[in-house]
Amino acid sequence: MTTRPADHPETELAIETHGLTKRFGTQTAVDGVDVAVPRGSVFGFLGPNGSGKTTTIRMLLGLIRASSGQAQVLGEAMPRSLDTVMPRVGALVEGPAFSPFLTGEQNLRRFDAADRHSSGRTRAQRVATALDRVGLTHAAKKKAHAYSLGMKQRLGLANALLMPRDLLVLDEPTNGLDPQGTREVRALIRSFAADGTTVFVSSHLLAEVEQLCTHVGVMSGGRLVAQGTLDDFRRSGARARVQVRTPDLESARGVLTSLGIRTDARDAASDREVVTGLLPDTASPEAIVAALVGAGVRVRGFELVGESLEQRFVELTGEGFDVVA
Ligand SMILES: Nc1ncnc2c1ncn2[C@@H]1O[C@H](COP(=O)(O)OP(=O)(O)OP(=O)(O)O)[C@@H](O)[C@H]1O
Ligand SMILES: [Mg+2]
């Protein structure tokens, strides 16, 4: 990765960080993150709860200061260029600061008025369009304190959409939405991307990232443990697994272990007659079958299966992910 001078903002990266770090007291919440988000991508920022996604996003948006490291957003150093960069960035971060006693519409008008690049003449139209785009027109006159979580989330999105943006930074935008709302928000994100907007979207839902994103970065314990295109990611995780179906589970496990294959502990917990493990470089499938049969294991099925994206994430983060049906 090359560093570019700050007076040359039109780089091909919408977001670029080097060693970005945030410490809270003795805890390092974000630890030396080098993330590269290509322009025009939909970049899924994935990681379990507490892995540092929101903290990273807050630093990118200049809401908190980094303890060390650098961040460039749309080619400009943050937070130094906050005033010139932020008008081009729409953001939705955890707990948007809406006034509970104003209606949704009034809240948006207030945010729009606070943006010195927005014209008062076209404000009403802008607010109405944004409300319509997130499906909140019917609740425009309702006070924000009476909004459900999903409605607040939509209002936050509407706020991010008031102006045309080059970059949208969305922190868990489908949090609290029902399935219909989730589908709508995903469709919205796709439509922004189709308009050429770069979208940086955090999620702890693997399936969501798979459906939406062109690129993915995986956070674990404050570190960025992997990043790249979704396709690269799939390929890098495409290690074959051996799957043996047999009633002789114990002896099958013993043979596989003797061949250097670590068998999957989850099989032992299930009552299926299946043993799986990663195919090693040292043994061919034929040799494995021969060894099993030679040891008297009744092999009723033998298959090589690709590793799923979910298994890859679990390997990277050491944690399970919520999986949406
Ligand atoms: N203001 C703060 N003061 C102290 N610790 C904080 C603060 N903000 C975040 N942390 C800690 O930093 C770590 C990362 O938190 P962060 O909110 O960035 O995680 P996340 O990946 O967004 O998680 P989630 O999926 O739950 O939203 C957590 O351990 C959290 O407790
Ligand atoms: Mg978060």
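This is a predicted model: local features need pLDDT of at least 70, side-chain atom pairs count only at pLDDT 80 or more; totals for chains, interfaces and linings use all residues.
Conventions. I number residues from 1 along each chain as its sequence is written, and I letter chains from A and number ligands from 1 in the order in which they are written. Local features need pLDDT of at least 70 and side-chain atom pairs count only at pLDDT 80 or more, while totals for chains, interfaces and linings use all residues, and side-chain values use heavy atoms, leaving out hydrogens and water.

Entry 1, the helix pair. I looked up helix 3 (residues 104-114) and helix 4 (residues 123-133), which pack at about 125° with axes 10 Å apart; helices are DSSP runs of H or I, at least four residues, and strands are runs of E, at least two. Axes are lines fitted to C-alpha atoms, for helices over the stretch in contact, and angles run from 0 to 180 degrees between N-to-C directions. I noted that Glu 105, Leu 108, Arg 109, Asp 112 and Ala 113 of helix 3 meet Arg 123, Ala 124, Arg 126, Val 127 and Leu 131 of helix 4, contact meaning heavy atoms within 4.5 Å.

I found Val 297 in the loop between helix 11 (285-294) and strand 14 (301-306), buried at a relative accessible area of 4%, where buried means under 20%, exposed over 50% and partly exposed in between, with a 1.4 Å probe and protein chains only. Its C-alpha atom is separated by 9.3 Å from that of Glu 250, 47 residues apart along the chain.

Not counting residues up to four places away in sequence, I list Leu 131, Tyr 147, Met 151, Arg 154 and Leu 155 as touched by Leu 136.
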